[in-house]
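User: I am new to this structure and would like a friendly walk through it. Could you take me along step by step?

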Amino acid sequence: RPPAAARKMSGIMEDAGYVLRHNARCVTSIRAETNADLFLVATVGVKGVRDLPGKSQTGAPSHDVQLLEYNDDTAEVQCLRIYAHPGEVWSLSPCPRDKSLFASLHTSTKSSHALEASVFKMSDIEEEVVTTLTSPLEKFASLDDRPSSVTALQWGGTESLLLTCAGMELASWAALDSGLQVQSRAKINRNDLGVTSTGKVSTLSWDPFHSAGVACACGQSIVGLDLRSGKTTFSIKYAHDLNVRDIDYSPSRQHFLASAGDDGSIRSHDLRRANTKAGSLCIPSAHAHSIMTLRHCPASDRLIASGGSDGFTRLWDTSKAFVEEGAMQDFFASSDRSGLIQERGEQQGSRLDSIYSLAWAAKDKWTYAAVSFDGRLFMQTVPQEIKYSILL
């Protein structure tokens, strides 16, 4: 580990939280490491600001990926490494089998208006003792071999493949010693999308029960595909009243997918009854503004954590919070919010900025990290009484 003085240079340590010195949009857990709770967070530097060693003084924005560790015994977050990253990061996804690899969707080094996808290797992640925080990133592979730019990516699935989407084409990649190799490709049928579709896939999710099953969100629509056959497995043309921001398969129940969007609602879809009222449950007023991120708790899919542009993170007990479509008016008229377990909308007495990303820990599956755009990362743990009520 780096010395404590060096760790503090990257940010300010707080109880169960961490304040970064730059804005941040992405946080994700390293699932390949199960003996410690490791997270990657990508910062977005401010032009002309240089307060870390090893940075050039060009005046260009500085972007980096930080490797953090959460200690649940002391409730502290510590920075272990800082990796200089080329371009502003929009999405991160670590390899589930190799903790040194992660995929990144970032602005192009040639144009700040274009996105490109790359896989990087953290070469010194296994070293227990280092003298400095700053470390170089090794470019492992580039994913831009198609005419259209990659707009979404996720590493996962039962075979630990990297899924990318460029235009309407999906591709799955396997990590080899020499780089990445394409395993399959499939195209989204535009007829399966609603008329208001943006034509751009915003987010992806692997089906944890089917090796070739994936779901994609495009505008208001959610579409499922089988990557081997290329066939559509389900289509929900109007999953939300406004654009879908995030989707996540249930980790323990087949055929169930959660989604969140700009309409501020969280929905649970029974994919066997897609596009029917009986196949959808809803938390219609989960957030006041857009919901940017949601994730099932890996220890129990009864629990869903969400974060929104209203600056709040909320933890829901879906067995109490979800209502049927026909009961929405009763939900709005009622003051009962028994399904809401906890929420957080401020830190150190000030309101948080938009919550763009959250991730459940790999070791302590009842704890998650969330990051706000103003660079404040904090940890939330499921209350013990809720945990025991689920387990016992």
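Here are a few questions and answers on this predicted model.

User: Which element of the protein has the highest mean pLDDT?
Analyst: Happy to start there! Across the protein the mean pLDDT is 85, and 84% of the residues reach 70 or more. Among the elements, helix α1 (residues 4–8) has the lowest mean, 44. The highest mean, 98, belongs to strand β24 (residues 291–297).

User: Is D246 buried or exposed?
Analyst: Let's find D246 first: strand β20 (residues 244–249) contains it. Its relative accessibility is 5%, and the cut-off for burial is under 20%. Therefore D246 counts as buried.

User: With which side chain does the side chain of D246 make a polar contact of 2.8 Å?
Analyst: Beyond its neighbours within four places in sequence, D246 touches several residues, including T203, A258, T293 and R295. A polar contact of 3.5 Å links the D246 side chain to that of T293. The polar contact of 2.8 Å is with the side chain of R295.

User: Is L391 buried or exposed?
Analyst: L391 lies in helix α4 (residues 384–391). Together with Y388 and L392, L391 forms a nonpolar surface patch of about 380 Å² accessible area. Because its relative accessible area is 52%, and the cut-off is over 50%, L391 is exposed.

How values were computed. Residues numbered from 1 in each chain as written. Predicted model: local features only at pLDDT ≥ 70, side-chain atom pairs only at ≥ 80, totals over all residues. Heavy atoms only, no water. pLDDT = per-residue confidence, 0-100. Helix = DSSP H or I, 4+ residues; strand = E, 2+ residues; numbered from the N terminus. Patch = residues over 30% accessible without salt bridge, like charges linked within 9 Å, V, L, I, M, F, W, Y side chains within 5 Å. Areas by Shrake-Rupley, 256 points an atom, 1.4 Å probe, with all protein chains shown as cover. Salt bridge = Lys/Arg side-chain N within 4 Å of Asp/Glu carboxyl O. Buried < 20%, exposed > 50% of the residue type's maximum accessible area, 1.4 Å probe, protein only. Polar contact = N/O pair within 3.5 Å; in protein donor to acceptor, adjacent residues only side chain to side chain. Contact = heavy atoms within 4.5 Å.
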